[in-house]
Amino acid sequence: MLVHRNFMPELKFSASRSSGAGGQNVNKVNTKVELRFHIESSALLSTDEKAILIRKLANRMNKEGELILTEQNDRSQLKNKEKVIDRFYRLINHALTPQKRRKATRPTLASRRRRLENKKQHSEKKSRRQRPPFD
């Protein structure tokens with residue numbers, strides 16, 4: 001888990017004007033917060049972790065290899081910054097948590113019998129709907 005690592009020195013923040021509703025503040029206040037994190041140059045990540053993050057988060061990265069997250073839902077720049085930092089940590093933790101391998105299982109004998117019985121009943125129901133042939 002990465003919760004104990006402090007990525008704050010490696011994060012870059014910028015603020016800009018948020019789109020959408022906001023009343024009188026909308027055209028004056030820079031409340032949209034953008035977080036940038038360059039994965040390759042991080043000193044806190046191992047090479048394996050960097051490779052995993054680059055593979056799993058490729059759709060959120062730009063050509064320079066920066067992970068980019070934005071937040072603009074709140075009217076407060078501070079709240080948006082807190083939310084984007086929280087989202088960053090959750091995203092990194094989720095990407096680095098190993099997925100459990102799926103164990104292949106076979107259907108039980110009883111479930112196979114139930115499935116075949118349901119198919120038989122369905123087939124009989126449909127065959128009862130057919131009209132008798134003309135003589």
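R36 and E66 form a salt bridge (a side-chain nitrogen of Lys or Arg within 4 Å of a carboxyl oxygen of Asp or Glu), with their closest N and O atoms 2.7 Å apart. This pair links distant parts of the chain, since R36 lies in strand β2 and E66 in strand β3, 30 residues apart. The model is predicted, so local features need pLDDT of at least 70 and side-chain atom pairs count only at pLDDT 80 or more, while totals for chains, interfaces and linings use all residues. Residues are numbered from 1 along each chain as its sequence is written, and side-chain values use heavy atoms, with hydrogens and water left out.

**Salt bridges**
- The structure holds 5 salt bridges, among them one between D74 and K83 at 2.8 Å, N to O.
- E66 is buried (under 20% relative accessible area, with exposed over 50% and partly exposed in between, for a 1.4 Å probe and protein chains only) at 13%, whereas R36 is partly exposed at 27%.
- D86 and R90 meet in a salt bridge at 3.1 Å, N to O, and, being 4 residues apart in helix α2, they are separated by about one helical turn.
- Salt bridges that share partners join E34, R36 and E66 into one network.

Notes
Helices (H or I, at least four residues) and strands (E, at least two) are DSSP runs, numbered from the N terminus.
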